[in-house]
Every structure is written in C-alpha cells, then in structure tokens.
Amino acid sequence: METVNYIIRISPQLLVGVIGTLQVYFGAIFPALVMGVFFAIVKTAGPKPLRWLLNVYTWAWRGVPLLLQLMIMKYGVLPLLGGGGGDFPGAIWVFALNMAAYLTEIMRAAIGAVDRGQYEACRVLGIPYWRMMFRVIIPQSVRIALPPACSEAINLLKDAAVISVISMQDIVRVTNQITTRDKTVIPYLCAFVIYLILTSLLVKVFGLLEKRFTAYDA
Amino acid sequence: MGEKTQVGAGARTGDGARADGGAQAGGGARDDTAEVIIRLTNLHKSFGELSVLQGVDLTVERGQVVSIIGPSGSGKSTVLRCVNGLEKIDRGVVEIEGVVVAAVGTPGAKPAPKEQIRAVLAKTGMVFQSFNLFPHMTALQNVIEAPMTVKKIPKARARELGMEKLRRVGLDDKADAFPSRLSGGQKQRVAIARALAMEPDFMLFDEPTSALDPELVGEVLDVIKSLAREHMSMMIVSHEMGFTREVSDRVIFVDNQKIVADNPPERFFNSPEHPRVAAFLDKMLN
Ligand SMILES: Nc1ncnc2c1ncn2[C@@H]1O[C@H](COP(=O)(O)OP(=O)(O)OP(=O)(O)O)[C@@H](O)[C@H]1O
Ligand SMILES: [Mg+2]
C-alpha cells in the first residue's frame, strides 16, 4: 500500500519524463518518415551527385553512435548557430536525421524489392514516372518496409533515453533524479514498465498499419 | 474505330476466329490497301554477349493477328518488347503506325519527336504472362488508373469506361475484388481489360496463358478470340497450338535469332517447309 501511494506521489514527475521522451520522439519521427521516403526515392531515381550525397549521409549517420551525434549537435553545431537555438530542437534534428538514415535504407531496399513487372505494366500503360512511383511503387514498398521500420521505430524510442545525458528531461533522467533523492529503486521499476507499455503500443500501431497495408492480400 | 473495321474486314475474313478455314483464306490473299501498323526492319538485339535477334524483318497489317512461336529462349518475348520499347534495340528500325519509334544504325531512319513516339506508344497495349496487376488496387481501379492519369478522364467517366471493359471480359461482377481474390484466368482477363481501357490500336500478348492452370486457359483464349473477331490487330506469343492455328492470320517461327517461317496457319501447320518448324511442331503436337 505504501508503495502504491509512493508511486502515485511521484507520478507527476514521471509524467514530465514521459512527456519529454514522447515530445522528442514524435517531434522526430514524422519528419524522419517524410525524409526517409523522399531520400529513398532520390536514391533510387535521383541525379547521381544527389545519390552520392545521400550514400555518404546514410553511411555516416548509421555508422556513428547516436550519443556522439547528440554531443556534436549540442557542443558543436548549436554554438555555431549563435549560442543555441535550444537543446530541444537540436535533439529533434539529431533524432530525425538519425532515424531518416535508417528509413532511407529500409525504403530503398523495399522499392528495389517491388516486382519489375509493376514498372513494366506502368510503362506499357504510359503512366508517367512520378505517378508510377507515388501510385504504384511506393504503396507497395511501404508495405514491404513496415516490419523493419517497426523495429527501427522501437529502437529510436529506446535510444531517445540518451537525451538524459545532455540534461533534458526524459523518462530515464527523471527516474534517476527521484531515485537519488528518495534512495529507492521503485522509480526504475516504474520506468521499466513505462517503456514496455510504450514499445508495446508501438508494436500495436505498426500491427494495425500492416493490416491496413495488407488488406488487399488474401 | 470505323476505318479499322473496314480495313480489317478486307484483311481477314469476317469470322476468321471461329470458322475453321476462314482465317487462312484471309491470311493468304491480302488486300492491297491494307495498312501496315507495325514494321520491324533488320532488328538486332543482344543482351551483353548473348545475341538474341539478328536481322528480324516483320510487318503486321491493321486488323491482322500474327502469332509468334518458337523454342524457349529463341527471342519471342524480345521481339514484342522491342516493338513497344521495353527493350532498346541495338540496330534496325521499329515503326508503329508509320511513326519511327526506334532507329539505330540505319542510314536515313531517324526516331520521330518524343511526343509523337509517346502518343503512338500510348496506343500499344501489352498483356504479360505474369499479369502484373497492381495488387493494392481493385480490379476496377486497375482498369481506370491509366485512363485517369494518362488521359485525364474524370473519375465518374473512367468508372463507366472501366465497367464497360470489365463487362467486355466478363468480370463486371468482380469490379471491387482485389487481384489476390481472383483466379489466374480472372487476373489475366482484368489485365486485358486494363489494356483495352486505353483504347489501343493493337495489342501484344506475351504468353498470356502460360502461367495458368489448364482449366483456366480457355476463358482467357476466348477473350482474345473475341478481340480477333472485332479485328483488333495483335501479336501473340503462345504455346497453345490449337488456338494459334484458329486465331492467326499469320504464324511466325523464330529460331536461331531469326524468323525462319512466316506463313498462313494452314500452310504453317499442314506443310511446314522448314525442317526446324517441322521438328518443333512434331514435338509440340505429339
Ligand atoms: N534482360 C535480359 N538480360 C539478359 N538476357 C536476357 C534478358 N531478357 C532475355 N534474355 C535472354 O535472351 C534470350 C531470349 O529471351 P526471350 O525472353 O526473348 O525468349 P523467349 O523466346 O520469349 O523464351 P520463352 O519461351 O522462354 O519465354 C534468352 O536466352 C534469355 O535468357
Ligand atoms: Mg518469353
């Protein structure tokens, strides 16, 4: 009973952490989705120099720890931009670009996995290239990309914990503070459960999306 | 539409697809006024080191049904795919309705302006062995996608047109079904309706029944026969010898990178001149 009361007592603080994590997460994931799809198309069909640039981008971003990217943003890029612009937008950019790098590769592979016959059917019908991409190829590749994109989305949610290192309020940082103050591990256990709930919700959402995108499959 | 029927009627006997000897008679004596719809001249094509076509010459007149047969890997699909530009030719000339759509290494022949080529290719329908329906669209959506995006036909009008084409292949009751819910024969009929929705001047069929279970072949061939009765110009690659014999005005045999025979079906099947054709028919029919 005492534990329950304790949890209720610290729940407003926990909530602050959850909101912090979700703000960065959702702030990043939508731009990341748009960038990922767009970059994948450019990487498939864009001009050579742009494709090369995007290769460098996905190679660099996927090859460097997220934490380091965050540090570079906070202590390198933001000061360059005239003393800040704020940690929060900075963090969102880091996460968005990071997730976009993964999504780009996932989508590019998915576009490549669409049957050649689909392209030929479009050509024979005279459907222009961009119409073909948006009406025929992309819808089918999104479906192929959903499962790997789901695991990336879960990774990003967990990885968002690194913002605690640059002193932003998130689930991990908040529980850490409470634990140090109250000398109990209960906040950690709360964080444990909160993460499980959040990732399960994500899996659920992607499950629904997949269902929607495979409705046409028997 | 009207002029096609007239020329076609001259080029082939009225009901060649149904009557046994009808098509042959039509195939033999050609109308002088018949208009050439496809002309391939000295076509060469290789894939890397592999030479597939070496000097193919071929004409198809409006209203004609020309079948291409030959051993596997002899280049039948490649001929069709060179006609509509799915493959780039290495040498020769491809003309559709008098428009040069491809010309390589041939003095005096030069491709027409891009817009003209696009316009003439838009009147070229193709049906694939593997259907290539859009899996995320219903049968009707498959049929109306190109009319709406290419011809900018408004949705309501396109739906009417689509339903008409689906009715044409006997599938108006499946308009809202996704391809995964259709049998192979139904899928191929939707694919034919999709091609017809662009009101093509001629159609290319690349083994339209080869991916089908035997009991589903007939329904697709029936649709193609009905097109032949309406004097649709067609080039058909098929291994269905009975059908080929029945529907064709001319049968072409491709082997060793060349056309080795080009005859009316009766002569082709009854008295093959070329030993390779004889051997092939012997294998196919026995
Ligand atoms: N894109 C390609 N790249 C390389 N080789 C190819 C390509 N397309 C076809 N070929 C080869 O060219 C030759 C002719 O192919 P094609 O598909 O035209 O034959 P086909 O007569 O249609 O055979 P089938 O009866 O098996 O369909 C074959 O040896 C084939 O392997
Ligand atoms: Mg073939």
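Predicted model: local features only at pLDDT ≥ 70, side-chain atom pairs only at ≥ 80, totals over all residues.
Oxygen atoms of the ligand are approached by a polar side-chain atom of B:Thr78 at 2.5 Å, by a polar side-chain atom of B:Glu207 at 3.1 Å, and by a backbone N or O atom of B:Ser74 at 3.2 Å. Of the 630 Å² of accessible area that ligand 1 has on its own, the protein covers 60%.

Over all chains, a search of the whole structure finds 11 aromatic pairs. The pair formed by A:Phe26 and A:Phe30 is stacked, because the ring centres lie 6.2 Å apart with the planes at 25 degrees; the two residues are 4 apart in helix α1 (residues 2-45) of chain A and are thus separated by about one helical turn. A:Phe26 is partly exposed, with a relative accessible area of 40%. The rings of A:Phe39 and A:Tyr57, by contrast, have their centres 5.6 Å apart and their planes at 80 degrees, so this pair is edge-to-face. Since A:Phe39 lies in helix α1 and A:Tyr57 in helix α2 (residues 48-62) of chain A, the pair ties together parts that are 18 residues apart in sequence. Both A:Phe39 and A:Tyr57 are buried, and together with A:Phe38 and A:Trp61 they form one aromatic cluster.

In chain B, the charged end of B:Arg194 sits over the ring of B:Phe134, 4.6 Å from the ring centre.

Definitions and conventions. Residues numbered from 1 in each chain as written. Chains lettered and ligands numbered in written order. Heavy atoms only, no water. Polar contact = N/O pair within 3.5 Å; in protein donor to acceptor, adjacent residues only side chain to side chain. Areas by Shrake-Rupley, 256 points an atom, 1.4 Å probe, with all protein chains shown as cover. Phe/Tyr/Trp six-rings, centres within 6.5 Å; stacked < 30°, edge-to-face > 60°. Buried < 20%, exposed > 50% of the residue type's maximum accessible area, 1.4 Å probe, protein only. Lys NZ or Arg CZ within 6 Å of the ring centre and 35° of its normal.
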